[in-house]
Amino acid sequence: MKLGSLKGGRDGRLVVVSRDLAWCADASHLAPTLQAALDDWDRLGPQLELLATDLEHGVIPRERFHERLADAPLPRAYQWADGSAYVNHVELVRKARGAEMPASFWTDPLMYQGGSDEMLGPRDPIPLADEAWGCDLEAEIVVVTGDVPRGASREEALGLVRLVGLVNDVSLRNLIPAELGKGFGFVQSKPASALSPVFVTPDELGDSWRDGKLHGVLKVDLNGQAFGRADAGEDMTFDFGTLIAHLAKTRNLGAGTIIGSGTVSNRDADGGPGKPVDRGGRGYSCLAEVRTVETILDGQAATPFLKAGDTVRIWMEDASGHSIFGAIEQEVVAG
């Protein structure tokens, strides 16, 4: 089942979306918003599944699903926490600045609490007031949970994954060092993130969803050119069950909690830093990583951060080449 929210009001209007992303059907008679559906998932989930089946068979009223009219599936979320499950990415970034990586990073997930009072729609622009802030894209996988009890195990946590999707977790890289130096984490350096047009239930993903990971190539284009083609199922040190259990160690998680994987990152076949797509590699899911590789190899970064007019596209396809979640397509705008 695929679910989305059309723009309208602060929390959008819930729709079920066809597998090919061509059609949608209003679901507001069951739940006005996706958050309302998540709050009563045991009762409403099966009813939404029936509605999705009717949509596939064309036996209910439907309308064209246009990704440009979609809001974020959850325009406001009770919680957004982002992990850093691809430790290869963390290791590279620290190496570039000459910092050793603690051994615990391989056994204890990194995670920060982000702002979730505004989640951008898939076609909403990335506002940038000052290019000196170092605006970066970060292509990631996200899951949405039901109610997760405090102290849940990895296995229990995986059973409470309701939906899977994509996110562009925008970062302002040049604001990060000063904020982290204060010892209290990200605030100004983490503006609003953008979500994919639809979220899907794990069963919809078939064998691509296994072991708490989404297996498949996360595609990223920058200004119309292939930038990233990393496989989200590879080099993921911490699966989503582990990330959810980590967050729930000391507190309950409310239904609708969004948890991110962190920047998807693959090592090169030779075990070293990844290579650009145009050199036969899998590329990168953020600019910081390519800049890190440039610094390691050449002594300095050459790739610039995002500026007004730049465009970013993030999507994933199934084995038949069909888009699974729709595409996040954003332009950076000054302001």
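The paragraphs below describe a sheet, the nonpolar cores, the cysteines, an aromatic pair and a few individual residues of this structure.

The structure is a predicted model, in which local features need pLDDT of at least 70 and side-chain atom pairs count only at pLDDT 80 or more, while totals for chains, interfaces and linings use all residues. Residues are numbered from 1 along each chain as its sequence is written, and side-chain values use heavy atoms, with hydrogens and water left out.

We may begin with the sheet. Five strands form an open sheet with mixed pairing, and their order is β8-β21-β20-β17-β18. Helices (H or I, at least four residues) and strands (E, at least two) are here DSSP runs, numbered from the N terminus, and two strands pair if DSSP finds at least two bridges between them. The edges are formed by β8 (126-128) and β18 (225-231), each of which pairs on one side only. From one strand to the next, the twist averages 20 degrees, with axes taken as lines fitted to C-alpha atoms (for helices over the stretch in contact) and angles running from 0 to 180 degrees between N-to-C directions.

Individual pairings can be followed across this sheet. Strand β17 (residues 217-222) runs antiparallel to β18, with six bridges between them; here Leu 222 has Gln 225 of β18 as its bridge partner. β17 is also paired in the antiparallel sense with strand β20 (residues 311-316), over five bridges, and Leu 218 is bridged to Met 316 in β20. β20 in turn pairs with strand β21 (residues 328-334), again in the antiparallel sense and over four bridges, with Glu 329 of β21 as the bridge partner of Arg 313. In a regular strand, side chains alternate between the two faces of the sheet.

The interior comes next. In soluble globular proteins, nonpolar side chains tend to be buried together. A nonpolar core is defined as a set of buried Ala, Val, Leu, Ile, Met, Phe, Trp, Tyr and Cys residues joined through side-chain atoms within 4.5 Å; buried means under 20% relative accessible area, exposed over 50%, and partly exposed in between (1.4 Å probe, protein chains only). The largest core has 66 residues, of which Ile 141, Val 164 and Phe 325 touch the most other members. Helix α6 (residues 240-247) gives the most to this core, with four residues. Apart from this core lies another, of 32 residues, including Leu 3, Leu 14, Leu 163 and Val 167. With contact meaning heavy atoms within 4.5 Å, and residues up to four places away in sequence not counted, Val 164 touches several residues, among them Ile 141, Phe 199, Trp 209 and Phe 325.

What of the cysteines? With a disulfide defined as a pair of cysteine sulfur atoms within 2.5 Å, the structure holds zero disulfides. Cys 135 is in no disulfide, and the nearest cysteine sulfur, that of Cys 286, is 12 Å away, which is too far for a bond. Cys 135 counts as buried because its relative accessibility is 1%, and Cys 286 is likewise buried, at 0%.

Three aromatic pairs are present. Rings of Phe, Tyr and Trp (its six-membered ring) pair if their centres lie within 6.5 Å; planes under 30 degrees apart count as stacked, over 60 as edge-to-face and the rest as tilted. The ring centres of Tyr 112 and Phe 186 are 4.9 Å apart and the planes stand at 75 degrees, so this pair is edge-to-face. The pair links distant parts of the chain, 74 residues apart: Tyr 112 is in strand β7 (residues 111-114), and Phe 186 is in the loop between α5 (176-181) and β13 (194-195). Tyr 112 is buried, at 14% relative accessible area, whereas Phe 186 is partly exposed, at 23%.

A few single residues complete the account. Asp 71, in strand β5 (residues 70-71), is buried, with a relative accessible area of 9%. Asp 71 and Arg 123 are 52 residues apart in sequence and 8.2 Å apart in space, C-alpha to C-alpha. Leu 21 has a positive phi of about 65 degrees although it is not a glycine; this residue sits in the loop between β2 (13-17) and β3 and is buried, at 8%. Asp 235, also not a glycine, has a positive phi of about 60 degrees; Asp 235 belongs to the loop between β18 and α6 and is partly exposed, at 32%.
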